[in-house]
Amino acid sequence: AAAEKGGHDYFMLKEIQEQPQGVADTLIGHFAHGKIVLDEQRLHDQELREVDKVFVVACGSSYHAGLLAKYAIEHWTRLPVEVELASEFRYRDPVLDRSTLVVAISQSGETADTLEAVRHAKEQKARVLAICNTNGAQIPRESDAVLYTRTGPEIGVASTKAFLAQITANFLVGLALAQARGTKYPDEVAREFAELESMPKRVAQVLESADRVREIARQFAHVPTVLFLGRHVGYPVALEGALKLKELAYMHAEGFAAGELKHGPIALIEDGLPVFVVMPSPKGRAVLHSKLLSNIREIQARGARTIVIAEEGDDTVRPFADHLIEIPSAPTLYQPLLSTVPLQIFAAEVAQARGYDVDKPRNLAKSVTVE
Ligand code: G6P
């Protein structure tokens, strides 16, 4: 059993380490002759050109990956993208037709709510593309096309490597749409793909600083609450960081959009409260960076203990970070592939410090096949 876990105590810890490989493998074969290739048998450029709206449906961590898809797809394609929990989508009356592309994201490919969302979309004649980690699962079988995340079986109940692979797959969908619609030039698409191919190396660099994250986690192992703040793509990362901590450490954790701080969450800040802040790259939009910086100031002035994830060399955050976790530089859209990783490690370490089984958190199932 120890060998199966690659020398780790838990599958989840091994799966966290496998993330660079999962991202790299998910990209394999999807760029040929200067073009992004999604599912060549079943989804052609012509169909992608006809798309006028995108819906992303998913549950749990897959939903957070979906939230990130919106930033990339809208930015690259100028198509409207709606992201929705599968369980909400199907009981509304979503407006879909044959020019709608529904992207259903599911690691297992068996999640009941996501499957029902796929069926509903198909009844409305929408085209359905599954992003799935399990060959031949029900969701890809019932979808029009499939893009497999190739990160190998995920055993830990809380998703880690599948999440990074899903984000990667979403980028491929966004680039394929941009290419088909001509909203990006072929050389721009090629450049984005090359940038994506260089991400696994950076994910591996983040993993090298795991010890530092674990040391921080042990200091916070017995606090009652942890908050997570992020803006733009850092917001879904904050949600995912909070979800990981709930799932694994049974701790009260909440992720907030940093811009909402003044609309409520700031009332929660009190002396000693740990707050994670996901800083955007200082090389990205300056306004995003300066807004987050002022958020950290505000919460630190009210006694929060700040744990800041920031790009290496971003010295502006140092005075406001009680704990600083540095990640390599990356374009804004790709940063979540890096900033999520310390949050996974943090949650796993807190859970272990509390004596919990991180592979099998209480009350949770790997795949929720009943509604
Ligand atoms: C469960 C798992 C989560 C997962 C979610 C969606 O809640 O514990 O880790 O994100 O299901 O699963 P799916 O297989 O559809 O991605």
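**Figure 1. Helix H4 lies across strands E3, E4 and E5 and runs at about 175 degrees to E4.** Helices (H or I, at least four residues) and strands (E, at least two) are DSSP runs, numbered from the N terminus. Angles run from 0 to 180 degrees between N-to-C directions, and axes are lines fitted to C-alpha atoms, for helices over the stretch in contact. Two residues are in contact if their C-beta atoms, placed from the backbone, lie within 7 Å. The model is predicted: local features need pLDDT of at least 70, side-chain atom pairs count only at pLDDT 80 or more, and totals for chains, interfaces and linings use all residues. Residues are numbered from 1 along each chain as its sequence is written. The chain has a mean pLDDT (the predictor's confidence in each residue, from 0 to 100) of 95, and 99% of its residues reach 70 or more.

**Figure 2. Five strands in the order E4-E3-E5-E6-E7 form an open sheet with parallel pairing.** Two strands pair if DSSP finds at least two bridges between them. Strand E4 (81-85) and strand E7 (145-148) are the edge strands, each pairing on one side only. From one strand to the next, the twist averages 20 degrees. Strand E3 (residues 53-58) runs parallel to strand E5 (residues 100-106), and 6 bridges join them. Val57 has Ala104 of E5 as its bridge partner.

**Figure 3. A ligand is surrounded by 16 residues.** The closest are Gly60, Ser106, Gln107, Ser108 and Thr111; a residue is near a molecule or strand if its C-beta atom, placed from the backbone, lies within 6 Å of it. Helix H4 (residues 60-77) supplies the largest share of this shell, 3 residues. By class, the shell has 5 nonpolar, 10 polar and 1 charged residues. Ala, Val, Leu, Ile, Met, Phe, Trp, Tyr, Cys and Pro count as nonpolar, Asp, Glu, Lys and Arg as charged, and the others, Gly among them, as polar.

**Figure 4. Helix H2 (residues 19-27) packs with helix H10 (residues 199-208) at an angle of about 170 degrees, their axes 8 Å apart.** H2 is therefore roughly antiparallel to H10 (angles under 35 degrees count as roughly parallel, over 145 as roughly antiparallel, 65 to 115 as roughly perpendicular and the rest as oblique). Gln19, Pro20, Gln21, Val23 and Ala24 of H2 make the contact with Met199, Pro200, Val203 and Ala204 of H10. The contact residues comprise 7 nonpolar, 2 polar and no charged.
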